[in-house]
Number of protein chains: 4
Amino acid sequence: MVEIRQKPGTYSYAFSRYIEPIARVNTGEEVIVHTLDAFEDRISKETDSPTQILGKYLNPQTGPIYIEGAEPGDTLVVEIINIEADRDYAVSANIPEFGGLVTTPTTRFLNPPLPEKVWIYKKEGDMLRCNDKLCYPWRPFFGTIATAPDMESISALTPFDQGGNMDVRDICPGNKVHLPVACEGAMFYIGDCHARQGDGELNGTALEINGKATLRFSLIKGKTIKWPRIENDEYIMTVGSAKPMEDAARIAYTELVHWMCEYGWDELEAYEALSQCGEMYVGNMVDTFYSLVAKVKKEYVMR
Amino acid sequence: MVEIRQKPGTYSYAFSRYIEPIARVNTGEEVIVHTLDAFEDRISKETDSPTQILGKYLNPQTGPIYIEGAEPGDTLVVEIINIEADRDYAVSANIPEFGGLVTTPTTRFLNPPLPEKVWIYKKEGDMLRCNDKLCYPWRPFFGTIATAPDMESISALTPFDQGGNMDVRDICPGNKVHLPVACEGAMFYIGDCHARQGDGELNGTALEINGKATLRFSLIKGKTIKWPRIENDEYIMTVGSAKPMEDAARIAYTELVHWMCEYGWDELEAYEALSQCGEMYVGNMVDTFYSLVAKVKKEYVMR
Amino acid sequence: MVEIRQKPGTYSYAFSRYIEPIARVNTGEEVIVHTLDAFEDRISKETDSPTQILGKYLNPQTGPIYIEGAEPGDTLVVEIINIEADRDYAVSANIPEFGGLVTTPTTRFLNPPLPEKVWIYKKEGDMLRCNDKLCYPWRPFFGTIATAPDMESISALTPFDQGGNMDVRDICPGNKVHLPVACEGAMFYIGDCHARQGDGELNGTALEINGKATLRFSLIKGKTIKWPRIENDEYIMTVGSAKPMEDAARIAYTELVHWMCEYGWDELEAYEALSQCGEMYVGNMVDTFYSLVAKVKKEYVMR
Amino acid sequence: MVEIRQKPGTYSYAFSRYIEPIARVNTGEEVIVHTLDAFEDRISKETDSPTQILGKYLNPQTGPIYIEGAEPGDTLVVEIINIEADRDYAVSANIPEFGGLVTTPTTRFLNPPLPEKVWIYKKEGDMLRCNDKLCYPWRPFFGTIATAPDMESISALTPFDQGGNMDVRDICPGNKVHLPVACEGAMFYIGDCHARQGDGELNGTALEINGKATLRFSLIKGKTIKWPRIENDEYIMTVGSAKPMEDAARIAYTELVHWMCEYGWDELEAYEALSQCGEMYVGNMVDTFYSLVAKVKKEYVMR
């Protein structure tokens, strides 16, 4: 089995086709990918100061991984077979001017910031435990997953129409993620493993951990999608990332309407159907763009 | 048991303390309230034209109902014991310039509108059935529930900090809704029964139906809340309504942080907790303000 | 000449047709209207504490004034002939949780607030002077002007499609304001005189002063407009109020396109024209809704 | 004098430090830079179809230009001495799914699009003339100007904190533009010359023209700014680019507060000052981010 680790010092902080691939992978084979945490593994105790330790490069990605046969206009399907932790603790932090309930450089005010604070959670069996009050089950997923854009190099902190830092809890074992392919080899990236996260990633951090993902890639040749899609036995889902948040919601639901049309629905009827059986949750409300997930049960679509 | 029906022609299209109460109710007693549908029961077949039939007064409310003992600064708790349909069909419609995926008078563009279209769903046992593709289980709730504001009279189409047209599916049997009391008697309103709705109420309409609600009121004297809350055995939830949508998300989660503080949490720790175990879904993305629901399992709060 | 003063204790804090008119006025006659400042004249020195002094009722309006002959569907034209100060000082204040660069109850975060602070400006001839650095020319206008809505009673702090608390500096002498009439007599309100204001009303307060307005009303019978318009010799202007701010911009420019169509322009051509010669500034970025002004020179329209 | 033309086929569609400089320039010398129009000069008559002619690469930039001595953390000052047209006509177009009053891929709805249409304006002396109604004075400026970011490569269609596609009419002769320097040599880009534009660039296009700019560069060594600034004899100005639009407004005014603090103002007092004498207009309401300009007269600052 192919096992991919980035060489220290070569992690990528942007999704870019201009970076040399670190591995070439065939569709159909199982691949194991190791990732650093979003803080570059540099925070490990509650006395660490994120503002002093962290620089401007964050959220290191493992990649790009060249997928043999992938060409612009295809769809890359990433099956997430398994996620394991690559260490025994997870990190979360309150970082000044970052988060969903604080002022930021983008939503900018004159108010003073909140204090910074680090929380360390030990992984104990299937639980992540910081203290008696902060203690939750292991529900791992990847915060960041993308193919490289055609022209731009996009910060690994940004979610966009080819994936990126969506922080959507459905990028998890058992699910398949569909991503647009914009350049030869797709140039796939993954990182930002989360032991767990609430909807919205409220203070800007999940339970950040090193991850070991078991993945399998396949291609839908000649099929072009506009935004990421997720699928499992029960649901089809779409992710929209934008600001203001309603634009993310509109993108996600429009994409879901169009996906239903691929199953034979008329646009107006799909719009009506989702009005009665669509579901929508907030992936992140903290990143460069907000990510919302629209979903519908397959039993309501395949009729 | 008290049974409340509005006299024809006296339905309220605004939440206002200036309207004479239609009934006075004691806390603790079971009350049955009948409501018209959001279209004033004026649309009943697929050939009806909403733009020709509907006027500017929409979403008729049953109320105000005076709750004995309620005073400004109290919290009114509305236990939703049961919801039954008061007729055997529900109505949904695509209405030009109204909905989440079309241009509206507020998010206004020069594009031409979509066509209008009415869907009629027959209630057949526990299912609502329009045709083979549009057919869903009965999951009733009230789209609109409010106490009257102190000074303003607010359109029954608007969600606000005392409730209103939130279109949140958790206003359902088994749940208790907490509303701020701003004037004597609380002046309670309810309407807009939905046989079912998807998250976001995407095209602006749910499965609109006449409702028969069994309710029980209680008061938390001297307790002032800022926004609606919902509670059941498993969850505590808060609703924020605003535009842009991120403002609704911020309100809902801030209120949930503050609610957790009432259970002994420190603010920063509650913020961290919700980052890992909070949930957030979209109630509506079509009304005057968008409504988002933040929720957290009681098992994660009461520790 | 008719001179209108509100009787103490009867100022209105909402635009509402349900309030008894304080005066009846004929079109064509000159009317003098006196107004209190937005703080109800309760702040007069720098040691005053707004949070302790001010209650929840703010921005008192003089009105409603019944305009003889006004009927729903008409347009009320308000000619602002003159504005004088009714006292020799103006007040501005930094109020916690209110303003364009601070967190508010609507755009809500956990950050601590800024301190409160009052600034008093003496009117010295044509200058308003707080100190050597804060000293500006007299450029008076009314922050708030409205007709009453048909059904709702809207807080005097809110701008809306019939005017309200727009805080737009072009509601000034020399200009005519067009407002939709929604009920008999139009039920006109005015208040919130500003000795001067920057674009956006950045900290939420202008140079707040008592005003004495000389007005003349006229009616355009049977002409229905959707949002406020302003006109002078050089410009036609439209005001849109909404959140997010881009919705206000879209409303204002769409209304201006439609106004140009009344002068014989084709919609697509008016859209092109405004792309090259439209102007747009921010009225307020602090109120319940943001108000933006779109304007175009008459010489570019009347061709 | 240095005269810079890009070699055909080498125009840049992104701001990126990874592209080889096309010229190296010393501070203090006058430089002439030639630019293509935003449509790559490919549209020249009213029968041209933008959707058929234009590809995905748009808004070609001349650059990168290496400024000798520029280092990360400096501020690059670009003096715009003169702008001349490099041809005798300008082009504007209504392009489906692009513009401020139509649905777009980001603010996405199901409504049908508007038709496309091209307008050609002849330059006749100091006027741009399409027909008798569409005819305006020459008021040239550059829509796009930027230094390269440190890590990302950003599409030339995007405005950001180092400039980019701001479409702000004050990037014009007589004004100096201050840009942050993020990498060695600053890696300066310019393009998107506009013969004229209304506030907001309403339909997404100005009077697009080939430009010939006379520029002079200087450096403020060791001075780090966060967002673009503009200065002339009368005003200091800041540009914020973000979505929703209020975030752009908040950035611009916060930056202006901070700029005033460099002149000795206290933050709270600068906030008060701008509340009374700040000005704010909309640069663009059509690009990836909206750009707003905050400005204040120097006479109100330098006291």
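1. Is Ser218(C) buried, partly exposed or exposed? Ser218(C) has a relative accessible area of 32% and is therefore partly exposed. Buried means under 20% relative accessible area, exposed means over 50%, and partly exposed covers what falls in between, with a 1.4 Å probe and protein chains only. Ser218(C) sits in strand β17 of chain C, residues 211-220. Helices here are DSSP runs of H or I with at least four residues, strands are runs of E with at least two, and both are numbered from the N terminus. Leaving aside neighbours within four places in sequence, Ser218(C) contacts Thr27(C), Thr75(C), Leu76(C) and Val77(C), where contact means heavy atoms within 4.5 Å. Between Ser218(C) and Ser12(C) there are 23 Å from C-alpha to C-alpha and 206 residues in sequence.

2. On the basis of the note: this is a predicted model, in which local features need pLDDT of at least 70, side-chain atom pairs count only at pLDDT 80 or more, and totals for chains, interfaces and linings use all residues. Residues are numbered from 1 along each chain as its sequence is written, chains are lettered from A and ligands numbered from 1 in the order in which they are written, and side-chain values use heavy atoms, with hydrogens and water left out.

3. Overall form of chain A. Chain A has four helices and 21 strands. The radius of gyration of chain A is 19 Å, which agrees with the value near 19 Å for a compact globule of 303 residues. That radius is taken over C-alpha atoms, and the globule rule is 2.2 Å times the number of residues to the power 0.38. Along the principal axes, the C-alpha atoms of chain A fill a box of roughly 55 × 40 × 40 Å.

4. Burial, contacts and surface of chain A. Of the 303 residues in chain A, 67% count as buried. Among the contacts in chain A with a separation of 6 or more, 77% come from residues 24 or more positions apart. Chain A exposes about 9600 Å², and carbon and sulfur atoms supply 48% of that area. Accessible areas come from the Shrake-Rupley method with a 1.4 Å probe; for residues, only the protein chains shown count as cover.

5. Charge in chain A. The mean position of the 30 positive charges lies 3 Å from that of the 45 negative charges. Lys and Arg count as positive, Asp and Glu as negative, while His and the chain ends are not counted. Each charge is placed at NZ of Lys, CZ of Arg, CG of Asp or CD of Glu.

6. How the copies are arranged. Chain A superposes on chain B by a rotation of 180 degrees with 0.0 Å of shift along its axis, at an RMSD of 0.0 Å. The two copies are thus related as by a two-fold rotation axis. In chain A, the C-alpha nearest the axis belongs to Tyr281(A), at 2.1 Å. Copies are superposed by least squares on the C-alpha atoms of residues with pLDDT of at least 70 in both. Of the interface residues of chain A, 100% are also interface residues in chain B, so the copies meet through the same surface.

7. Backbone points to check. Most residues other than glycine have a negative phi, and most peptide bonds are trans. The bond from Lys243(A) to Pro244(A) is cis, with omega near -5 degrees, and Pro244(A) lies in the loop between β19 (235-242) and α2 (245-262) of chain A. A cis peptide bond also joins Gly63(B) and Pro64(B), with omega about 0 degrees; Pro64(B) is in strand β5, residues 61-67, of chain B.

8. Positive phi. Asn59(B) has a phi near 60 degrees and is found in the loop between α1 (50-53) and β5 of chain B. Asn59(B) is buried, at 2% relative accessible area. Glu97(C) also has a phi near 60 degrees, in the loop between β7 (89-94) and β8 (117-124) of chain C, but Glu97(C) counts as partly exposed at 43%.

9. Arg87(D). This residue lies in the loop between β6 (75-85) and β7 (89-94) of chain D and is buried, with a relative accessible area of 14%. Not counting residues up to four places away in sequence, Arg87(D) touches Asp37(D), Asp41(D), Glu208(D), Ile209(D) and Asn210(D).
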